[in-house]
Amino acid sequence: MTLQEKALKLLKDNPLCDYCLGRQFSNLATGTTNLNRGMTIKDFLVLEFSTDLSEENLSILQCLSRSGSVLAKKLLLKNEIQSEETMRCYICEDSLETIDALAELVILQSEGCEFHTFLMGTFIPKAIQEREVELKAQVDVKQTELLKQEFNRNIGKKISGRIPVTTDFKSPNIVFEVNPFTQDISMRITSLYIYGKYKKFLRILPQTKWPCRKCRGKGCKECNNTGKKYPESVEELIEVEAIQLAKADKGTLHGGGREDIDALMLGTGRPFVFEIVNPHIRSLDLKDLEEKINVHTKNKIEVQNLRWSSRKEVVHVKSSAEKAIKKYRALVEFSNPITGEDMKKIEKELQNKVLQQRTPNRVSHRRADKIRKKKVYTVKCIKKGETEIEMVVKCDGGCYVKELISGDKGRTKPSISEIVMNDAICTELDVIEIDEIPYIQED
Ligand SMILES: [Zn+2]
Ligand SMILES: [Zn+2]
């Protein structure tokens, strides 16, 4: 079929607006718009079939008139023939005429929200999508645009012409979705990600929000209607300042591993990526944020090295925590007196030793029961009292140090209890160093 034949076939059966006709030929002659293509094709057909006003030509001119051709209407009028009324476009139902209005609605909706890049999406009802696909099949047009793409491109262009923002397909600040048939607009703001390290100076402070187990966050007698088992967490201490500065809804801390709730986090701190959800301000001064957090938290925690990060780095921070070598300080209490010989034995036996650790009893409710192999590199013991020592343990990330000490009823092997045949428990545990695996930014 020639272009002329295809266009005639399309228009004869169904009235099409300029956009929708032009779009069926969007693979031809780049550097123009579908709107112009459609208009040009219609004008060309009018010229082609106006040489004589035979019955056949007249019916073609009338069908062009039904599709809104101004040239056809003028020609018919000149020949004192009543032109047929313009009908609604068979594909888009004239919704493409609302592009300007939709762009304005999107801009209105995004007011008060800082963004520099965006992505436009359009919801087209299934029935309408099918109509266009069927039509394309009838005249065998391939690799041409769909209505959805026409909307996305045109609305996107209008928006970036009106306000200083650009389209970004990879990581837009906001994703809009419009429904041109209902004028509904939804907007999804992309989270902000901030990398940093935290230290924790408080012995009872969980890393993340800890909802009350009884009411699951709704609030009950047990939790004093707070919905929380612990009043604060590292996450919440950072969140308060972050969401205020970013005018956001909430924050989530993605930690590179986590210390026990009763362990301090010292040394250079633990890496994390903090996600700010639904931020209305994106250009934060991270130095200012760091200061605000550190002042506000009053020595409970300290954050440092804040810098911009990404969703991808969350994965890195979490997975590298498993591999990072860590140093702990532990206080150990024995049931019987401990000798210098015992301490030497502990240091020697655990040097470069691979432990077999079955999931500890205390965490078995939330972790799969399996045996993990973790290496201890060095142990240094200092005597503190007749039955008490302080130890510095350097071991693999994810090693359960409390169980390395107690043996967890034989679930961790070997253990300090076992080595010196003297029941030991850990009374205090602090993380004093985390070896960090550097993140190499892709792109
Ligand atoms: Zn249309
Ligand atoms: Zn509760």
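**A helix pair and a sheet**

Author: Helix α9 passes α10 in a right-handed crossing (right-handed if the near helix is turned clockwise from the far one by less than a right angle, left-handed if anticlockwise). This is a predicted model, in which local features need pLDDT of at least 70 and side-chain atom pairs count only at pLDDT 80 or more, while totals for chains, interfaces and linings use all residues. Residues are numbered from 1 along each chain as its sequence is written, and chains are lettered from A and ligands numbered from 1 in the order in which they are written.

Helix α9 covers residues 234-246 and helix α10 residues 286-296; helices are DSSP runs of H or I with at least four residues, strands runs of E with at least two, numbered from the N terminus. The two pack at an angle of about 135°, their axes 9 Å apart. Axes are lines fitted to C-alpha atoms, for helices over the stretch in contact, and angles run from 0 to 180 degrees between N-to-C directions.

On the α9 side the contact includes L237, I238 and L245, and on the α10 side L289 and H296 (contact: C-beta atoms, placed from the backbone, within 7 Å).

Elsewhere, four strands form an open sheet in the order β2-β1-β3-β4, with mixed pairing (a pair needs at least two DSSP bridges). The edge strands are β2 (166-167) and β4 (184-189). Strand β3 (residues 174-179) runs antiparallel to β4, joined by six bridges; one of them pairs I174 with I189 of β4. Helix α6 (residues 99-109) lies across β3 and β4, at about 45° to β4.

Technical notes:
Contact = placed C-beta atoms within 7 Å.
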